[in-house]
Amino acid sequence: MAWFRAASSAAKLAVRRSLARPGSYATKARILPSHNRDFHSTVFTSRAQAATAPIPRPVPLSRLTDSFLDGSSSVYLEELQRAWEEDPDSVDESWDNFFRNFVGQATTSPGISGQTIQESMRLLLLVRAYQVNGHMKANLDPLALEERHIPEDLDPALYGFSEADLDREFFLGVWKMAGFLSENRPVQTLRSILTRLQQAYCGSVGYEYMHISDREKCNWLRDKIETPTPTQYNSERRVVMLDRLTWSTQFENFLATKWTAAKRFGLEGGETLIPGMKEMFDRSADLGVESIVIGMSHRGRLNVLGNVVRKPLRQIFSEFSGGTRPVDEVGLYTGTGDVKYHLGTSYDRPTRGGKRIHLSLVANPSHLEAVDPLVIGKTRAKQYYSNDVDRTRNLGILIHGDGSFAGQGVVYETLHLSGLPNYTTGGTIHIVVNNQVAFTTDPQAGRSSQYCTDVAKALDAPIFHVNGDDLEAVVHVCELAAEWRQTFHSDVVVDIVCYRRFGHNEIDEPSFTQPKMYKVIRSHPSALEIYQQKLLKNGQIAQEDIDKIQKKVNSILNEEFMNSKDYVPKKRDWLAAYWSGFKSPEQISRVRNTGVKPEILKNVGKAITTLPDTFKAHRAVKKIFEQRSQMIESGEGIDWAVGEALAFATLLVEGNHVRLSGQDVERGTFSHRHSVVHDQETGEQYCPLDHVIMNQDEEMFTVSNRLYFIQEFLSLTLFWHTYFFTCIFLTCFFYNASLVVNKYLKYGS
Ligand SMILES: Cc1ncc(C[n+]2csc(CCOP(=O)(O)OP(=O)(O)O)c2C)c(N)n1
């Protein structure tokens, strides 16, 4: 019990000490320019700051000490400890944890220099504060223009620690925690704990994950973030990253010099997206992903097409030059004007780990974010048709702008589908190219939330904010996102905080509206220059190697440009995937006989009107099913609901997948369908259309009530239709989906 008495009195002493020290408690959140993040100058409230800071009001001792350390409660604690020593199971689990952590350590770790219980608890709170709010102090803005409120709970002085405590050793272990707080971490000095907290949470990455309610998921992330030492890449990886960043940068430069007046919606300022995506895909392939469906809007699309999906560069250049039309295909697949950054393509790409991964970039209309649910629908359809039951082989990736991610309702609606059993794709990876301006709107004017990604918190998705000028940090979080998705099969967000070197497009003048920002941007080095300088400075690469990479990339770009002059487009260039038998707008489909033989109608009719013997359906529903059975038997009086069910059933018999989706599709808005019947005693559900053919796969007929988002429903369903030639039936309130009809359905088929 000596530990306890010593701890108790030492704790009180520590509190008195800290109370006696003026200004040791930070009283307010401070505003610091984002570049001023040097550990030693910001981690403690300095004397100079303390002198100008308001003098803290006296705090009653009772509010600062842990009450169980005082008076009669100490006797109680001694009793508890005695009981625990005899039998750990005799005390509550929380006390068992407490004694195991603190008593065990205090007696067995001579290195801990006078650590009191109260200090341990305060240190724990400090670590927690970094986990929750460390991102507020992270160095995220490459332009260092953003002024952020640094929460006071990141100041060790708030917890009573001073410079004098820096070299004291502390144990932090807590039962069932990972990272800093795991029980098997060695004892560390306060200085090293604070340094590592700063590195882990306040460097180029700001992690937001403490909103996630699942402890296992938080621990998984803590293990990845709070590693004993920061992650390091070897020289081979660095050269690959440099090569990829050179491609991304040179590609935009090349287009800018060849087509000076063309709109590109270039990626300048956010070029690390490309190496980030490539590393994300490589990691995903290592973890079992075979196919990736990508959706994105204008920003950086040509760069993604050329450098990630590997659309032939000559083809892209030919589109810039106006290209020649294929003589034999005139009128079949045509397009004009700005079509080059709306087109999609697909490609089988070799990965760094020696695998192949199929990539397809879905065609995109001007409407921002409209493509989101289509990507989800296509991914889900691919999972169904490739029997990807655990959804680990097909992955959807969405790339957003910061303005669009925060502003477009379709983003929230798509996120909300992500966890529904009949809509999930096992997690989408979202990447935000956050150039901190939307057209001419500053973030402060464009949204109420702190981050443009806050909407994803509703989904318990982790969010990794990263400084877009730090290539290795971008690559790190891109890999982490891939690992998260393959581990937890849920959405994750990478927010690349970057800037837009030019205007909204290349012929816009950004200084009309963002003069201060663009003054900084004009003299800001590119991410490529920053990375080259970093590698040179650390002796990790020689100038000749950098020159060699630049020269190689330039010569390939020039070669492809020469080849683009004779490039003849093929009709398949217009399709995101190469579909054999896909009709052009001028070709007419064969009119098919959709009738079926009466015997088939009778057979399927039996299946759709039969309920299991033991099933206790509602009285009225039972009667409806008896009447339906008579209609099938006699062939007379067949009503709308039976006609519809027969249509679905015969589609199934012919091998088609049928998907019904809407807010009240299971019962039917007019209580007519009853495609899912509920047992009145057990609540069990039975869907007769799941039993039309022998050993029918449950997903072959999918009927699913869901939230009321018409646009997502149609977009999601559209891909089952266009990719797999299924049929779409549209019903009421359909006008909400007119965007999807105009932009996809009308042109799709
Ligand atoms: C639904 C829709 N609304 C408006 C527009 C017009 N528009 C095109 S780009 C853009 C700004 C988008 O900003 P952000 O998402 O931040 O992307 P950035 O262009 O900055 O990369 C707008 C409003 C559009 N294309 N689609």
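Trainee: Which helix gives the most to the shell around the ligand?
Mentor: That would be helix 15, residues 402-407, which contributes three residues to the shell. Helices (H or I, at least four residues) and strands (E, at least two) are DSSP runs numbered from the N terminus. This is a predicted model, where local features need pLDDT of at least 70 and side-chain atom pairs count only at pLDDT 80 or more, while totals for chains, interfaces and linings use all residues. Residues are numbered from 1 along each chain as its sequence is written.

Trainee: And how many residues surround the ligand?
Mentor: There are 14, and the closest are Arg 299, Gly 401, Gly 403, Ser 404 and Ala 438. A residue counts as near if its C-beta atom, placed from the backbone, lies within 6 Å.

Trainee: What does that shell have by class?
Mentor: Seven residues around the ligand are polar, five are nonpolar and two are charged. Here Ala, Val, Leu, Ile, Met, Phe, Trp, Tyr, Cys and Pro are nonpolar, Asp, Glu, Lys and Arg are charged, and the others, Gly among them, are polar.

Trainee: Switching to the sheet: in what order do the strands come?
Mentor: Eight strands make an open sheet, ordered 5-11-12-10-9-6-8-7, with mixed pairing. Strands pair if DSSP finds at least two bridges between them.

Trainee: Which strands stand at the edges?
Mentor: Strand 5 (205-208) and strand 7 (345-350) do; each has a single partner strand, so one side of each lacks a neighbour in the sheet. From one strand to the next, the twist averages 20 degrees.

Trainee: How many bridges join strand 7 to strand 8?
Mentor: Six, and strand 7 runs antiparallel to strand 8, residues 356-361. If you want a pair to look at, Thr 345 stands opposite Leu 361 of strand 8.

Trainee: Which helix packs on the sheet, touching strand 9?
Mentor: Helix 14 (residues 372-385) does, and this helix also touches strand 6 (291-296) and strand 10 (428-434). The direction of helix 14 makes about 175 degrees with that of strand 9 (394-401). Contact means C-beta atoms, placed from the backbone, within 7 Å.

Trainee: Now the helix pairs. At what angle do helix 10 and helix 12 cross?
Mentor: Roughly 125 degrees, and the axes of helix 10 (residues 235-258) and helix 12 (residues 301-308) come within 10 Å. Helix 10 is therefore oblique to helix 12. Axes are lines fitted to C-alpha atoms, for helices over the stretch in contact, with angles from 0 to 180 degrees between N-to-C directions. Under 35 degrees is roughly parallel, over 145 roughly antiparallel, 65 to 115 roughly perpendicular, and the rest oblique.

Trainee: Which residues of helix 10 and helix 12 meet?
Mentor: Trp 247, Ser 248, Phe 251 and Glu 252 of helix 10 meet Asn 303, Gly 306 and Asn 307 of helix 12. By class, that contact has four polar, two nonpolar and one charged residues.

Trainee: How about helix 11 and helix 12, at what angle do they cross?
Mentor: Roughly 45 degrees, with the axis of helix 11 (residues 273-286) coming within 10 Å of that of helix 12. That makes helix 11 oblique to helix 12. On the helix 11 side, Ile 274, Met 277 and Lys 278 meet Asn 303, Val 304, Asn 307 and Val 308 of helix 12. Four nonpolar, two polar and one charged residues make up the contact of helix 11 with helix 12.

Terms used. Contact = placed C-beta atoms within 7 Å.
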